[in-house]
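Welcome! Have a look at the structure first, then try each task before reading on.

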Amino acid sequence: MVVPTYNEIDNIERLCREVLDAAPNVQILVVDDGSPDGTAEKAEALGRELGHITVLRRTEKNGLGRAYRAGLRRAIDDGAEICVQMDADLSHDPSVLPALIANVEHGADLAIGSRYVPGGRTVNWPKRRRQLSRWGNRYAAGVLGLAINDATAGYRAYSSAALERMQFESVKAEGYGFQVEMTYRLLRVDGKIVEFPITFHDRIDGVSKMSGGIIKEALFLVIKLWVSDFKGRHRRRAEGA
Ligand SMILES: Nc1nc2c(ncn2[C@@H]2O[C@H](COP(=O)(O)OP(=O)(O)OP(=O)(O)O)[C@@H](O)[C@H]2O)c(=O)[nH]1
Ligand SMILES: [Mg+2]
């Protein structure tokens with residue numbers, strides 16, 4: 001399980017304990033971008049106490065996408081056959097973990113913890129955030145023709161083979177766009193995606209790292225992907241003619 005962190009000292013202990021309670025065989029890889037609040041040190045201490053936790057320390061806050069690319073690479077190199085992505089802020093319920101993993105064990109390339117399929121929901125999210133997420137998903141799915149209800153979701157389990165097949169390290173986006181681009185890539189290599197309903201809770205402790213820049217990046221990314229898709233189809237048609 002790859003958990004990117006930046007200043008998550010108030011959440012990291014509860015997260016690690018709950019994850020290991022729910023799924024005792026999981027290996028947690030905390031990818032910390034030099035959090036000044038001591039998140040990495042705390043995670044290392046927890047690792048000494050509980051086992052199953054390693055920390056990949058990076059020196060600069062470089063965005064979610066970069067942290068995930070480095071973390072997924074390390075997890076696969078360390079032998080993981082299934083890689084889970086989870087935020088550190090307890091928005092993603094650890095008790096769902098076995099179900100997400102089971103979906104991949106039973107043949108999915110990607111199991112998405114989805115807020116927008118029947119049974120899924122968001123709790124305590126301000127109306128503005130809820131609408132941004134809902135319309136962001138409709139926009140991405142509509143423009144790119146993705147039959148996915150929650151393409152921006154950050155709670156996911158991938159088969160490592162599928163991650164390699166879609167060449168995840170060349171995914172460019174950094175913020176929410178990262179999840180959209182990963183979903184898009186997987187569908188382009190005919191990956192099988194399952195959406196599993198989750199209840200998403202707004203963070204209680206710590207500070208959100210969401211920004212206007214991240215939203216803008218996602219907006220432009222969808223257009224960029226659409227253009228490259230369009231050009232690809234055009235080229236294939238021309239070659240076929
Ligand atoms: N390593 C690393 N982790 C990050 C970075 N930005 C965010 N994170 C982590 O990524 C996860 C998601 O970030 P959040 O701030 O919760 O962003 P969000 O869930 O999109 O937004 P909220 O709904 O407001 O919480 C958290 O675990 C953060 O600590 C970064 O630049 N580097
Ligand atoms: Mg969050």
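**Exercise 1. Find the place of L187, and decide whether L187 is buried or exposed.**

Step 1. Keep in mind that this is a predicted model. In it, L187 sits in helix α7.

Step 2. Count the C-beta neighbours inside 10 Å: L187 has 20. A residue is called buried at 20 or more, so L187 counts as buried.

Step 3. Look for partners beyond four places in sequence: L187 is in contact with L146 and I193.

Step 4. Compare with N62, which is 125 residues from L187 in sequence. From C-alpha to C-alpha, the two are 27 Å apart in space.

**Exercise 2. Describe the chain as a whole: how many helices and strands are there in the chain, and what percentage of its residues count as buried?**

Step 1. Going through the chain gives eight helices and nine strands.

Step 2. The radius of gyration is 18 Å, close to the 18 Å from the globule rule for 241 residues, so the chain is as compact as a globular protein of that length.

Step 3. Along its principal axes, the C-alpha trace spans about 65 × 40 × 35 Å.

Step 4. Of the 241 residues, 45% count as buried.

Step 5. Take the contacts with a separation of 6 or more: 80% of them are between residues 24 or more positions apart.

**Exercise 3. Work out which residues V2 touches, leaving out those up to four places away in sequence.**

Step 1. Locate V2: this residue lies in strand β1.

Step 2. Check the surroundings. V2 has 24 C-beta neighbours inside 10 Å and therefore counts as buried.

Step 3. List the partners. V2 touches L29, V31, Y68, G71, L72, A75, C83, V84 and Q85.

**Exercise 4. Determine how the helices α5 and α8 lie relative to each other, and which residues make their contact.**

Step 1. Find the helices: α5 covers residues 127-144, and α8 covers 212-240.

Step 2. Their axes come within 9 Å and cross at roughly 10°.

Step 3. Angles under 35 degrees count as roughly parallel, so α5 and α8 are roughly parallel to each other.

Step 4. On the α5 side, the contact is made by G136, Y139, A140, V143 and L144. On the α8 side, A218, V222, L225 and W226 take part.

Step 5. Sort the contact by class: there are eight nonpolar residues, one polar and no charged.

**Exercise 5. Examine the backbone at N7 and L90: what is the phi of each?**

Step 1. N7 has a positive phi of about 55° although it is not a glycine. L90 has a positive value as well, near 65°.

Step 2. N7 is in the loop between β1 and α1 (12-22), and L90 is in the loop between β4 (82-85) and α4 (97-105).

Step 3. With 19 C-beta neighbours inside 10 Å, N7 counts as partly exposed. L90, with 21 other C-beta atoms within 10 Å, is buried.

**Exercise 6. Survey the shell around ligand 1: which residues come nearest?**

Step 1. There are 20 residues around ligand 1, and P4, A67, A88, S208 and K209 come nearest.

Step 2. The elements giving two or more residues to this shell are β1 (2-5), β2 (28-32) and α3 (64-77).

Step 3. By class, the shell has seven nonpolar, five polar and eight charged residues.

Conventions: Residues numbered from 1 in each chain as written. Chains lettered and ligands numbered in written order. Predicted model: local features only at pLDDT ≥ 70, side-chain atom pairs only at ≥ 80, totals over all residues. Helix = DSSP H or I, 4+ residues; strand = E, 2+ residues; numbered from the N terminus. Rg over C-alpha atoms; globule rule 2.2 N^0.38 Å. Buried ≥ 20, exposed ≤ 12 C-beta atoms within 10 Å, placed from the backbone. Contact = placed C-beta atoms within 7 Å. Near = placed C-beta within 6 Å. Nonpolar A, V, L, I, M, F, W, Y, C, P; charged D, E, K, R; others polar. Axes fitted to C-alpha atoms, helices over the stretch in contact; angles between N-to-C directions. Parallel < 35°, antiparallel > 145°, perpendicular 65-115°, else oblique.
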